Amino acid sequence: LRRAAPGELVPSLARAGGGGLARDLLVRYAKARDPALLKQVLDGLEQSHQTGVQAIYDTYARYPDAARRRKGLEAAAALLSSHEETRELGHVAADQAKLVEAQRELEEATGKGGWGDLSPMETIRRAFAMNQGGRALALAKALKFNEKLLWVARVQGLAAGHDWAEVEKLSKDKKAPARSLEILAKACLNADRPDEALKYAARIPCPAQRSELLLDLGLLREAADAAMALASGA
């Protein structure tokens, strides 16, 4: 069977006897042990999408350790990427493999668990919070992360890590998204630093927006002051 061309595998199985049972056993074996053989079988069966999705599911169900999970995802990505109709899903599986590997490295670097349950955004945010900015940026680059989302994750992570100097630098970044001062203020307040939050809220040029943000932040006295200034035309 190994010497058969992809299109000849299924007829070869039929000639060998056993029909569907032999085919199912071979697919099951290949999924567990031999991704290259799996691709060859599925090319003959024309079931790449169904089995590729199943391979991703099986990877998470069967492999709790990151190294084997990454290999499973890479195998699924290779399978799915080899067919036009499943290529996009293949890219998703490949990105997930990169995320799993980055999370494994972050766990080793920080000595902290819990990385495997995080989304890309949460992983990058936590990496910045734990002084792993280089790894966070490397992951963002590997996943072609949106620049605006990266800015938000970076601000939130640095604020959670109380790196106020770096937060201040980001406040002056020309690539900052819309309503960046509001995002900065909320990130600071979530890190239990209302003084830092006030610093950014005070820089909002529109008095009405500034008062509304202060109210949302629960800074009632400051919101009242801003509202009085607005009412007096200051």
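Buried means under 20% relative accessible area, exposed over 50%, and partly exposed in between, with a 1.4 Å probe and protein chains only. With that in hand, here are some exercises on the model above.

This is a predicted model, where local features need pLDDT of at least 70, side-chain atom pairs count only at pLDDT 80 or more, and totals for chains, interfaces and linings use all residues. Residues are numbered from 1 along each chain as its sequence is written, and side-chain values use heavy atoms, with hydrogens and water left out.

**Exercise 1. The overall picture**

Task: Work out what share of the protein is buried and how many helices and strands it has.

Solution: 
- Step 1. Of the 234 residues, 38% count as buried.
- Step 2. Helices (H or I, at least four residues) and strands (E, at least two) are DSSP runs, numbered from the N terminus. By that rule the protein has 14 helices and zero strands.
- Step 3. Now look at contacts, meaning heavy atoms within 4.5 Å. Among contacts with a separation of 6 or more, 49% come from residues 24 or more positions apart.

**Exercise 2. The cores**

Task: Find which residues touch the most other members of the largest nonpolar core, and which helix gives the most to this core.

Solution: 
- Step 1. A nonpolar core is a set of buried Ala, Val, Leu, Ile, Met, Phe, Trp, Tyr and Cys residues joined through side-chain atoms within 4.5 Å. In soluble globular proteins, nonpolar side chains tend to be buried together.
- Step 2. The largest core holds 38 residues, and I124, W151, V167, L184 and Y200 touch the most other members.
- Step 3. Two or more residues of this core come from each of α6 (87–110), α7, α8, α9 (147–160), α10, α11, α12 (194–201) and α13. The most comes from α9, with seven residues.
- Step 4. Take W151 as a case: leaving out residues up to four places away in sequence, W151 touches L170, D173, A176, P177, S180, I183 and L184.
- Step 5. Another core, of eight residues, lies apart from the largest one, and I56, L73, A76 and A77 are among its members.

**Exercise 3. A buried arginine and its helix**

Task: Say what the side chain of R210 reaches.

Solution: 
- Step 1. R210 belongs to helix α13 and is buried because its relative accessible area is 19%.
- Step 2. The R210 side chain reaches the backbone oxygen of I204 at 2.6 Å.
- Step 3. Beyond its neighbours within four places in sequence, R210 contacts A201, A202, I204 and P205.
- Step 4. P207 also lies in α13, but P207 is partly exposed, at 21%. From C-alpha to C-alpha, P207 and M228 are 9.8 Å apart in space and 21 residues apart in sequence.

**Exercise 4. Positive phi and a charge over a ring**

Task: Locate N131 and R179, and find the partner of R179 in a side-chain polar contact.

Solution: 
- Step 1. Most residues other than glycine have a negative phi, and most peptide bonds are trans.
- Step 2. N131 has a positive phi near 60° and sits in the loop between α7 (120–129) and α8 (133–142). N131 counts as exposed because its relative accessibility is 69%.
- Step 3. R179, with a positive phi of about 60°, is in the loop between α10 (164–171) and α11 (180–190). At 54% relative accessibility, R179 is exposed.
- Step 4. A polar contact is a pair of N or O atoms within 3.5 Å; within protein, one must be able to donate a hydrogen and the other to accept it, and residues adjacent in sequence count only if both atoms are side-chain atoms. The side chains of R179 and E182 form one at 2.5 Å.
- Step 5. E182 is in helix α11 and is buried, at 17%.
- Step 6. For the charge, the end of R126 sits over the ring of W115, 4.3 Å from its centre. The rule asks for NZ of Lys or CZ of Arg within 6 Å of the ring centre and within 35 degrees of the ring normal.
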